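Please open the structure in a viewer and keep the sequence beside it.

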Amino acid sequence: MSKILIKNAVKKYGDNTVIPDLSAEIEDGELFTLLGPSGCGKTTLLRMIAGFNSIEGGDIYFNDTRINDMDPSKRNIGMVFQNYAIFPNLSVRNNVAFGLKNRKIEKEKIKTETDKYLNLMQIMEYAERMPSQLSGGQQQRIALARALVITPDVLLMDEPLSNLDAKLRMEMRTVIRHTQKSVGITTVYVTHDQEEAMAISDRIAVMKDGVIQHIGKPKDIYQRPKNVFVATFIGRTNMVHAKIEGGELVFADGYREHIDALSKAEDQEVLCSIRPEEFVIGKEGGEGIKGTVKEFVYLGLNTHYYIDTDAGETVEIIEESSLEEELKEGQSVVLKVKKEKINVFNQTGDLNLVRSEAYEKQ
């Protein structure tokens, strides 16, 4: 197994710099996800680790070995691709055994190891079938077994679930997470699906324009994003204007909340990230941000409300559905916030003012 160290990596295509200066450390046995929108550089970085893309600056290490100029075949990596890339003319068993045969392993060991991963991926019953006879999820299990059977130091996965339907994606998330933990292999996983990243990862690197915006555990990234991009990319949130005045957070209509982390902050205009579940709806006449119910959607367990505030902003609020009658369209309300959960950013959106030193050290 390997720890991966990326130091000041640079990737250029001619005069176009795709990754300007990227550093990250991936722990031995960790499932580390590169998450971001299309074109952010996550697959480019994965291909640099694999050796399929050149490196124009910086270094990449597997443990203490610098791999910049090492041939991909010498890096001892397993790869799982978006399109499975399994051999249609080989049976399931021969697909899984392919890498071992290429390494001239003795026949008995090939059978033992192949059987082990056919069983681990729960596809032993299909061992003699051809890939065309199997579903997309089963084919992706073949690809994963083939990548793991060679005992790679690093497993690289590039959007492996994007071709599957929603139900299969949910199933394969569990398979990948369980398998990775069982085998204990260092894994770098690329996806643009935030829910997928949250479900399977030990840590996530959120990328934008070739730059890592935030590395952290899923809970940290969701609860205390480092900047506005991360706050708006991970999950759903409302961006609400406010200001810090005398160490307090002041919203429209003079509604104030004291937040300990802001007690020493300078007076300034700020942006608040308030997730839909972090608002509390009160009746007209109470203290809070004044607004009017624009519309609502009943979804069984929860009801989603869309409120137009008197300050000219529209916010989404999710409340647990109750037996009481829902609020009506056009009804006046006031909104309070769960102050311990909201995030407050400077006016440019690049600094979270409520992130404590404890978060930064994680």
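Begin with the open sheet of six strands, whose order is β6-β7-β8-β3-β9-β10 and whose pairing is mixed. Strands (E, at least two residues) and helices (H or I, at least four residues) are DSSP runs, numbered from the N terminus, and two strands pair if DSSP finds at least two bridges between them. The model is predicted: local features need pLDDT of at least 70 and side-chain atom pairs count only at pLDDT 80 or more, while totals for chains, interfaces and linings use all residues. Residues are numbered from 1 along each chain as its sequence is written, and side-chain values use heavy atoms, with hydrogens and water left out.

Select β6 (77-80) and β10 (211-216) next; these are the edge strands, and each pairs on one side only. From one strand to the next, the twist averages 20°. Angles run from 0 to 180 degrees between N-to-C directions, and axes are lines fitted to C-alpha atoms, for helices over the stretch in contact.

Within this sheet, select strand β7 (residues 154-158) and strand β8 (residues 186-191), which pair in the parallel sense over five bridges. M157 has Y189 of β8 as its bridge partner.

Now display the side chains of E30 and R203, which meet in a salt bridge (2.5 Å, N to O). Where in the chain do E30 and R203 lie? E30 is in the loop between β2 (16-26) and β3 (31-35), and R203 is in strand β9 (residues 203-208), 173 residues apart. A salt bridge is a side-chain nitrogen of Lys or Arg within 4 Å of a carboxyl oxygen of Asp or Glu; the structure holds 18 of them.

Move to the open sheet of five strands, with the order β13-β12-β11-β14-β20 and antiparallel pairing. At its edges stand β13 (256-258) and β20 (343-346), each with a single partner strand, so one side of each has no neighbour in the sheet. Select strand β11 (residues 238-245) and strand β12 (residues 248-250): they run antiparallel and are joined by three bridges. K243 has V250 in β12 as its bridge partner.

Finally, select helix α2 (residues 92-102) and helix α4 (residues 136-149), whose axes come within 7 Å and cross at roughly 25°. The two helices are therefore roughly parallel to each other (angles under 35 degrees count as such). Contact (heavy atoms within 4.5 Å) is made by V92, N95, V96 and L100 of α2 and I142, A145, R146 and V149 of α4.

Key. Parallel < 35°, antiparallel > 145°, perpendicular 65-115°, else oblique.
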